[in-house]
Amino acid sequence: MRPYPMLVGAAFVALPVHAQDISVSKEAYSTPERPYSPYVNDHYPQNVYFGDTHLHTAWSADAGMAGATLGPDEAYRVSRGEVIESQAGGPFKLLRPLDFVVVADHAENIGLSDYLLRGDPLVLQSDAGRRWAQMMKEGNGYNAFIEWVDGNGRAEDQIDNPDMMSSVWERVVENA
Amino acid sequence: MRLHAFFLGIAVSAVHMTPSPAQVTTDAGTISPEKIERFFNQPGYSPYAGRKFPTLPLWGEQHLHTSWSPDAFAAGTRVGPDEALRYAKGAEIASSTGQPVRLSRPYDWIVVADHSDSLGVISNVYDGDPALLADPVLKKWHDGMKEGGAAASAVVMEMITLQGEGKLPKAVTDKDTQFDMWRRMTEIVESHNQPGTFSALIGYEWTSNYGGGNNLHRNVIYRDGKAVADLVRPLTTFDTELPNELWDWMANFEDKTGSRLLAVPHNGNLSNGLMFATETPDGKPIDAEWAMKRARFEPLYEVTQSKGTSEQHPSLAPADEFADFEIWDKGNLNVVPKEPGMIEREYAREALKRGLKLEGELGTSPFKFGLLGSTDDHTGISSAEENNFFGKFPASEPGPERSTGNAFDFEGRTVKDWQLGASGLTAVWATENTRAAIWDAMKRKEVYGTTGPRIFVRFFGGWDFVPEDALGRNPGTVGYGKGVPMGGDLPPAPDGTAAPTFLAAALKDPYSGNLDRIQIVKGWLDATGETREKIFDIAWSGDRAPDANGKLPPVGDTVDVENATWTNTIGAPELIAVWSDPEFDPSLKAFYYARVIEIPTPRWTAYDAAYFEDADFAEDATMKVTERAYTSPIWYTPGE
């Protein structure tokens, strides 16, 4: 390593001597004037933007199956400063809107509760889906949640439907 | 409800363990009425849900001229309304002298208020409008201005000469041409209006120099958009120079369109005693009808701008150590010197006080106005920042020339360029950023003016504010809950209350100096019918204690004039206090407004001296400034 910087150093020193194609005298070189207005030509960031990169909605199965009802749409609206009705604590509003938000729902069975509640044909293709949808309809969503948690704890995809995954993901992108 | 909270409480941990219903026994907690009560006046847990009051001041100004004002164009301004509006929204533009310029932060709203007299004519002659060039004189002006140099100067001289002889080309004063220009102007303004983000309000300046240079100017501000504004031709001084006839025109506009207008007068300091006189300019005593019209159409007054600050003249308030601020008292717009008695009718505080008296005589105070600030810059560039001041005319754009130049020169009576102020700005407490919401806030006087910095100020009056109300982080919630905001009237005193109480809070502009103090300026009518005033320091930085006479020591001074720098090592970033009037007499009319004072910072002149090697300021040129904010007052009227 040591010889290398020395060579570079030598090249710099040599440059004014050999670079006869461009000759700029010290007098002719002018530094661009600093404009009077201190805010022109500012190429660095001027503002700090506040946001949340980690927000879950009912589309996260651990939230939605556990009773959370507010989905990505409500999450985006509340992030933009709108008043929404929370699940349990009455109306909610931020002091100031966020500048950005990442709705980062869990990938595992993303959108599950939404598909179950709507009885979407995609989710009803699986045994677990049909059973949970029925349980939720009968007011027994809590046990569906427990079943889902149990399987999820064993890293088991109880829905296992690639069509549903891509369908949900399209809607996630659309929601954003 | 309970069930949901319960489920959410276990969801996170349940994911990673094998649960059984027996384990789920904890309760996530309930919300009891007792817990809700600590969020004063709120409908639920979230303190911000259901909140209808304004939560952020919207920054802007209502007095910017562009090249469409003939005097600006003649002085060299080439920035038109379109570029002026782009600049106000934060874009970088080139000034008329070719210098790049940009605001530190965009505005939320603006009113381009070009003079209605000959609006846009000269600018459009320059641009080669074929209809205008049909006139041979205007064609000659076009060619001369395009040629530049001596030919262009000759055009300006000819304009002035022909105006003096009353021989201007017809188009310059033609009503149809003016109306056509107006519709083009409103089209440009309309194109920049973005509800929710940026409000481009429609307006114009009616520019009466009654009797020769006596400033009776008013900015007329429209609540609605182009479709309505285009229905009636704006008033010019070719129509009338009397303010009451402007109000008649406004009433007619409102009757005809169902829309709303308000007018903002400015530069009483240059009116040579006419702005707040108790006679009309043509010498008639003002009467009840005159007072009612003025109160209806002129809810605000522009207290600070580039041609001086008109809050209070130091000679009228010897006890006010901050009154001597950017004072222009040499004469009127033609620098015709003042005579004794004129200054008493030129300054806002004096007028507010006289208003209390006139209310008794006429039934209405004609001078019951709120306060705001604007620039009156004629460059198309609204600049109220000391380190970014682009002058009033192109001749006072940045350059060493403005260290010695004259802003006004009438027959040898001069005002220097260095006396121009980098001022002012308006904050509007509006519920949303739309023309209508901003206009409505102006109408109810829930606005305040600053000399440039974006200092946040809340000011509320009521009967039961207590010191603890100053401890929270939401003065607005407490303020609106218990009182009225700036611009309002105190409700009648409830039984058993001794004196009105006020909640005042101020937060510094991060780009500007720390805060020295919050003051409350009180004006009242005493038992003998005389007007009185007193200033109370209610919150200040550091551990200063008032002396035996109640005088608070100065905050100090960190300004390095040579380098145009200062440090925020003195002062406070925020101040808040509840204050009760210790001298209150329930039988006497009074008003109260807050004044927030910054620590000393470098004035634009200091930035110039540091930037331009060739700057040559006179010894007496001021190099420091104590920026400030003036809120609109809150009034007290004794019950019957």
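**Figure 1. Overall dimensions of chain B.** The radius of gyration is taken over C-alpha atoms, and the globule rule is 2.2 Å times the number of residues to the power 0.38. For 640 residues this rule gives a radius near 26 Å for a compact globule, and the 27 Å of chain B therefore agrees with it. The model is predicted: local features need pLDDT of at least 70 and side-chain atom pairs count only at pLDDT 80 or more, whereas totals for chains, interfaces and linings use all residues. Residues are numbered from 1 along each chain as its sequence is written, with chains lettered from A and ligands numbered from 1 in the order in which they are written. Along the principal axes, the C-alpha atoms of chain B fill a box of roughly 95 × 70 × 60 Å. Chain B has 17 helices and 25 strands (DSSP runs of H or I, at least four residues, and of E, at least two, numbered from the N terminus).

**Figure 2. The open sheet S16-S15-S17-S20 of chain B.** Its 4 strands show antiparallel pairing; strands pair if DSSP finds at least two bridges between them. Strand S16 (483-485) and strand S20 (574-580) are the edge strands, each pairing on one side only. From one strand to the next, the twist averages 15°. Strand S15 (residues 456-462) and strand S17 (residues 501-507) of chain B are joined by 7 bridges, and B:Val457 has B:Ala506 in S17(B) as its bridge partner.

**Figure 3. Packing of helices H12 and H13 of chain B.** Helix H12 (residues 243-257) and helix H13 (residues 288-297) pack at an angle of about 60°, with their axes 10 Å apart. Axes are lines fitted to C-alpha atoms, for helices over the stretch in contact, and angles run from 0 to 180 degrees between N-to-C directions. H12(B) and H13(B) are therefore oblique to each other, since angles under 35 degrees count as roughly parallel, over 145 as roughly antiparallel, 65 to 115 as roughly perpendicular and the rest as oblique. B:Asn244, B:Trp247 and B:Met250 of H12(B) make the contact with B:Trp290, B:Lys293, B:Arg294 and B:Phe297 of H13(B) (C-beta atoms, placed from the backbone, within 7 Å).

**Figure 4. Helix H15 of chain B and the residue B:Lys445.** Within helix H15 (residues 435-443), the buried residues include B:Arg435, B:Ile438, B:Trp439 and B:Met442. A residue is buried if 20 or more other C-beta atoms lie within 10 Å of its own. B:Lys445, which follows H15(B), has a positive phi near 65°.

Definitions and conventions
Two residues are in contact if their C-beta atoms, placed from the backbone, lie within 7 Å. A residue is buried if 20 or more other C-beta atoms lie within 10 Å of its own, exposed if 12 or fewer, and partly exposed in between; C-beta atoms are placed from the backbone.
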